[in-house]
Amino acid sequence: MTSFTSLRHLFPIFQNANSDPNWIYFDSAATSQKPSQVIETINQYYCAENANVHRASHHLAAKTTGKFEQARANVQKFVNARHAHEIIWTKGATESINLVANALQKSVFKAGDRILLSQSEHHANIVPWIEVAKECELHIDVIPLNSSGALDLDKGLELITPDTTLLSIGHVSNALGNVNPLQPLLAKARANNALTLIDGCQAAAHLSIDVQELDCDFYVFSGHKMFAPTGIGALYGKTKLLEQLQPYQFGGEMIEKVSFQNVSYQHPPFKFEAGTPNISGVLGMNSAVSFIQDNRQKIAEIETQLHQYLVKKISAIPGIKLFGDQSSSIATLSFTVDGINNQDLGFLLNEQQIAVRVGHHCAMPLMQALGVDGTIRVSLACYNEIDEVDRFVIALKLAMEKLSTGVLSDVNCTHSMPDSKPDTPLAEKVKTARGWDNIYRQVMLAGKQQGILSEEQRIPDNEVFGCESQVWIKLSLSDEKFKANYYSPSKIVRGLLAVMLEPVQNADLKEVEQYDNRTYFASLGLDRHLSQSRGNGLNAVMDKIRQLLSQYRLSKKSN
């Protein structure tokens, strides 16, 4: 491999004295870290430039307004739009898509029209169209994928007909990293007079965007995935469409003239920017755009080397299945491991200070098409380094070994496991275990010692939503005593459920209702090993239990 130097030194989070030097951040597709110049821009605004834009004539407001509108002009150049007024500031891609969906619903869609999506879309580019389809009696068509998760272009082209009113598709799959073949789809959509929207969230930080070359009608992206702050994004729309569409929200800057009898609206872009905007976010996004443009070639070189190296290393590990088209991809890799639950893998990687994303990645239809309940997603950026990939591979192999064999072989574990009597409660075994490996072993064993819900009972009525992993639970209530059977495909989640429910199995219902699982986990020291989302998932189980108990009490009263 050629010499490699990342841009890590430009990102303060990796230089922070409070940061763990062994921490590896491989979750940039969820949100990217921020370079110094973006952070300094935001700080400068609040320290020296804080004023509202467009609405005052004093010097500070005029200066800030100038910077605000210059940012719009710079984003125009970033995506090669014809005019600055074609750039609308939003909270992010989700709001941008909702804005377009709302506007089209009011003025374009009619009953019987067809919307074409792909099977790999993020939920934010599915749900708004489903809701509009319900309201307007539209049809949703879906471009299928091949077995690896790449778009089936031929079938996609077949689905574009004179009845297609809108094609809305991702530039890059957030879950797999695939760069979709847009041009043929866009060309046929134009030939059939269909509108086109591209979700560019995963493209903006990695690819050059040219909306004139694409000749799309709308293009959306979020700042926080391209080194900018959270809560800011942009919508590109062609001038003629923005002028025709009705506003999405009302009030503030978007109003031209108002009385109690009538109201008129500003021209784009202000027509779609009601209220005080996220000024610091806009300025921060402008700085992020400058960062990308100044380092575009370097970013591409770094990410290409990282991606190729990661694919080579991961492909050499037996039992791993890669998804997506690695020949046309950003620096993102999605995979599963035969016989091992991806939530369990994510848990053990987190314990080794490695941040990856595990689950359906807000792309449930994609996971259903692939026949999996989720994947492990590694998403890289220009601040990652080759040695991090090497350390990740070592950690992944160790986690796979633990989960497949149950043998704990962490060379860093120096504590021995104290002997426990067979009848020792699960909590006591966890509490007296020394070192994470031994705690983990006790949690895994706990999942084998409690009542497991049968496969026939893993039905939608028994499923708990809000959990990282799938969880089903069914209560058996007799003589005012509580018993719960449950199941999760994650061995660690099963073990955590066993530990959490042990104090209330066969307890009085009132005792169950008063049980505080958060305090209990803290008393065992397990809270230190729970991510926010996993903790929330366990809380969701307890909330479901309380809901079922309440229904049980109401049914008894009515009888």
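Me: What is the mean pLDDT of the protein chain?
Reply: The mean is 90. Of the residues, 94% reach 70 or more.

Me: Where does pLDDT stay under 50?
Reply: Over residues 407-423. The model has 27 contacts beyond four places in sequence for that stretch. Where pLDDT is low, the predicted coordinates should not be read in detail.

Me: OK, strands. Where is Ile320 found?
Reply: Ile320 is in strand S11, residues 320-323.

Me: Is Ile320 buried or exposed?
Reply: Buried. Its relative accessible area is 16%, and buried means under 20%.

Me: Which residues is Ile320 in contact with, leaving aside neighbours within four places in sequence?
Reply: Ile314, Phe335, Thr336, Val337, Leu396 and Met400. Val337 also stands opposite Ile320, in S12.

Me: How do S11 and S12 pair?
Reply: In the antiparallel sense, over four bridges. Strands of a sheet pair through backbone hydrogen bonds, either parallel or antiparallel.

Me: What joins S12 to strand S15?
Reply: Four bridges, and the two strands run antiparallel. Ser334 stands opposite Arg377 in S15.

Me: Why is strand S12 largely enclosed by the rest of the structure?
Reply: Six of its six residues, 332-337, are buried, so S12 is largely enclosed.

Me: Which way do the residues of S12 point?
Reply: Thr332, Ser334 and Thr336 point one way. Leu333, Phe335 and Val337 point the other way. In a regular strand the side chains alternate between the two faces of the sheet.

Me: There's also an open sheet of three strands. What is its order?
Reply: S16-S17-S18, with antiparallel pairing. The edge strands are S16 (463-464) and S18 (481-487), and each pairs on one side only. S16 and S17 (residues 471-478) pair over two bridges. Val464 stands opposite Val471 in S17.

Me: Which residues in H13 are buried?
Reply: Among them are Phe392, Leu396, Leu398, Met400 and Leu403. Glu388 and Lys402 are buried too.

Me: What about H9, is it mostly covered or exposed?
Reply: Mostly covered: 13 of its 16 residues are buried. H9 reaches 23 Å from its first C-alpha to its last, close to the 22 Å expected.

Me: Where is the place of Ser280?
Reply: In helix H9, residues 279-294. Ser280 is buried, with a relative accessible area of 9%. Not counting residues up to four places away in sequence, Ser280 touches Ile42, Tyr45 and Tyr46.

Me: Rings next. How many aromatic pairs are there?
Reply: The count comes to 16. One of them is Phe78 with Phe221, a tilted pair: 6.4 Å centre to centre, 55 degrees between the planes. That pair links distant parts of the chain, with Phe78 in helix H2, Phe221 in strand S7, and 143 residues apart. Both Phe78 and Phe221 are buried.

Me: Which residues do ring pairs link into a cluster?
Reply: Phe11, Phe14, Trp23, Tyr25, Phe227, Phe291 and Tyr383. The charged end of Arg8 sits over the ring of Phe14, 4.2 Å from its centre. Elsewhere, Arg458 lies over the face of Tyr487, at 3.5 Å from the ring centre.

Me: Buried or exposed, for Asn193 and His361?
Reply: Asn193 is exposed, with a relative accessible area of 72%. It lies in the loop between helix H6 and strand S6. His361 is buried, at 7% relative accessibility. His361 lies in the loop between strand S14 and helix H12.

Terms used
Residues numbered from 1 in each chain as written. Predicted model: local features only at pLDDT ≥ 70, side-chain atom pairs only at ≥ 80, totals over all residues. Heavy atoms only, no water. Buried < 20%, exposed > 50% of the residue type's maximum accessible area, 1.4 Å probe, protein only. Contact = heavy atoms within 4.5 Å. Phe/Tyr/Trp six-rings, centres within 6.5 Å; stacked < 30°, edge-to-face > 60°. Lys NZ or Arg CZ within 6 Å of the ring centre and 35° of its normal. pLDDT = per-residue confidence, 0-100. Pairing = 2+ DSSP bridges. Expected span 1.5 Å × (residues − 1).
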